[in-house]
Amino acid sequence: MALVICSLEDRIGTLTLHHPERRNALSTALIGELIAGIDTFKREGARVVILRALSGTKVWSAGHDISELPKSGRDPLAYDDPLERAIRAVRECPLPVIAMIEGSVWGGACELVICCDIPIGAPNASFALTPAKIGVPYNPAGILRITNEVDVSVVKEMFFTALPIAGERAREAGILNHLVSHEDFERFTYDMAKSIAQLSPLSISVIKEQMRLLGNAHPLTPETFERIQGLRRHVYDSKDYQEGVTAFLEKRKPNWTGR
Ligand code: LCV
């Protein structure tokens, strides 16, 4: 049985978490399928990814699979931990990733959602950072990634109380971009995905990668600067860039080739 259901239609790739018996806990197996799904979408020409759970779910994800946490004496969130690999796969994916959240989100799954590019919540979406419930010393990269996106005073309250925050408060704190009624949730999300799929994939992928590199809160090393310049040159030297400009001048829709 697939732990993540993958579907690709009109260049929109949808990954649906599908392990309700374990409340979509982020196990090694589930993360493996999630990363494989992203790789498939990249290969098959998707322009945007939606990460969701089954419609009507009460628990979007229960976070790291606690049964897989190492016994004491080993870092529970080391660089190669499955949760860390999933977060890097989302952040380094050249396609925008929309998180479509209904139900409760726990622990490291909150960071996974926050690291998606456009989190959209239904009214019952809630978020609880729970390392203090398990005695886990959350990792510095994760703390930096969360505090880069979410109001620091709210992040402290979430870490220190392990209590969920929801609705408007989650949107105001910066966890959610949009809070949408259940009736509009599906249509709003897929309409946004469709609009992204009409735009230049090269331009979007290089803007996303620049934001990732610049967002790591450290002075730019010469190598990082040159990598950014190379990424941007790849776009403005591209046929797509010419096509985007020409199509505008010719008052027609651009035909992106990704080259
Ligand atoms: C493995 C699970 C899990 C689970 N792992 O259903 O952020 S950090 O640093 O802490 C990081 C290390 C992290 O993300 O840690 C995980 C943080 N997650 C949590 O604290 C949430 C733990 N889960 C729960 O509190 C409850 O399961 C919720 C509230 C999510 C759902 O409650 P509900 O009553 O609907 P159950 O608890 O009955 O869970 C159903 C089955 O899923 C397993 C759980 O052990 C149970 O398995 P059995 O049917 O075999 O008893 N399960 C739930 N969460 N994170 N397994």
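In this report, Ala, Val, Leu, Ile, Met, Phe, Trp, Tyr, Cys and Pro count as nonpolar, Asp, Glu, Lys and Arg count as charged, and the others, Gly among them, count as polar. By that sorting, the shell of residues around the ligand divides into ten nonpolar, five polar and four charged. The structure is a predicted model, in which local features need pLDDT of at least 70 and side-chain atom pairs count only at pLDDT 80 or more, while totals for chains, interfaces and linings use all residues. Residues are numbered from 1 along each chain as its sequence is written, and side-chain values use heavy atoms, with hydrogens and water left out.

## Around the ligand

A residue is near a molecule or strand if one of its heavy atoms lies within 4 Å of it. Of the 19 residues around the ligand, the ones that come nearest are Arg23, Ala62, His64, Ile66 and Gly108.

Taken alone, the ligand exposes 1000 Å², and the protein buries 65% of that. Accessible areas such as this one come from the Shrake-Rupley method with a 1.4 Å probe, and for residues only the protein chains shown count as cover.

Arginine 23, one of the residues that come nearest to the ligand, sits in the loop between strand 2 and helix 1 (28–43). Helices (H or I, at least four residues) and strands (E, at least two) are DSSP runs, numbered from the N terminus. The phi angle of arginine 23 is near 50°, a positive value in a residue other than glycine. Arginine 23 is partly exposed, with a relative accessible area of 46%; buried means under 20% relative accessible area, exposed means over 50%, and partly exposed lies in between (1.4 Å probe, protein chains only). Arginine 11 also has a positive phi, near 65°, and its place is in the loop between strand 1 (4–9) and strand 2 (12–17). With a relative accessible area of 39%, arginine 11 is partly exposed.

## Salt bridges

Side chains of opposite charge can pair when their charged atoms come close. A salt bridge is a side-chain nitrogen of Lys or Arg within 4 Å of a carboxyl oxygen of Asp or Glu, and a search of the whole structure finds 17 salt bridges.

In one of them, arginine 212 pairs with glutamate 92, the closest N and O atoms being 3.9 Å apart. Arginine 212 lies in helix 9 (residues 201–214) and glutamate 92 in helix 2 (residues 82–92), so the pair ties together parts that are 120 residues apart in sequence. Arginine 212 is buried, with a relative accessible area of 18%, whereas glutamate 92 is partly exposed at 43%. These two residues also belong to a network of salt bridges that links Glu92, Glu209, Arg212 and Arg227.

Arginine 145 forms a salt bridge with glutamate 111, where the closest N and O atoms are 2.6 Å apart. This pair links distant parts of the chain, with arginine 145 in helix 5 (residues 140–149) and glutamate 111 in helix 3 (residues 108–114), 34 residues apart. Both arginine 145 and glutamate 111 are buried.

A further salt bridge joins arginine 187 and aspartate 184, with the closest N and O atoms 3.8 Å apart. Both residues lie in helix 8, three residues apart, which is about one turn of the helix. Arginine 187 is partly exposed, with a relative accessible area of 47%, and aspartate 184 counts as partly exposed at 33%.

## Interior and surface

Helix 8 (residues 182–197) also holds alanine 193, which is buried, with a relative accessible area of 0%. The C-alpha atoms of alanine 193 and valine 97 are separated by 9.2 Å, although the residues are 96 residues apart along the chain.

On the surface, Tyr236, Tyr241, Val245, Phe248 and Leu249 form a nonpolar patch, with about 560 Å² of accessible area together. Patches are made of residues with over 30% relative accessible area and no salt bridge, where like charges are joined within 9 Å and nonpolar side chains (Val, Leu, Ile, Met, Phe, Trp, Tyr) within 5 Å. Helix 11 (residues 239–249) gives the most to the nonpolar patch, with four residues. Valine 245 is found in helix 11 and is partly exposed, with a relative accessible area of 39%.
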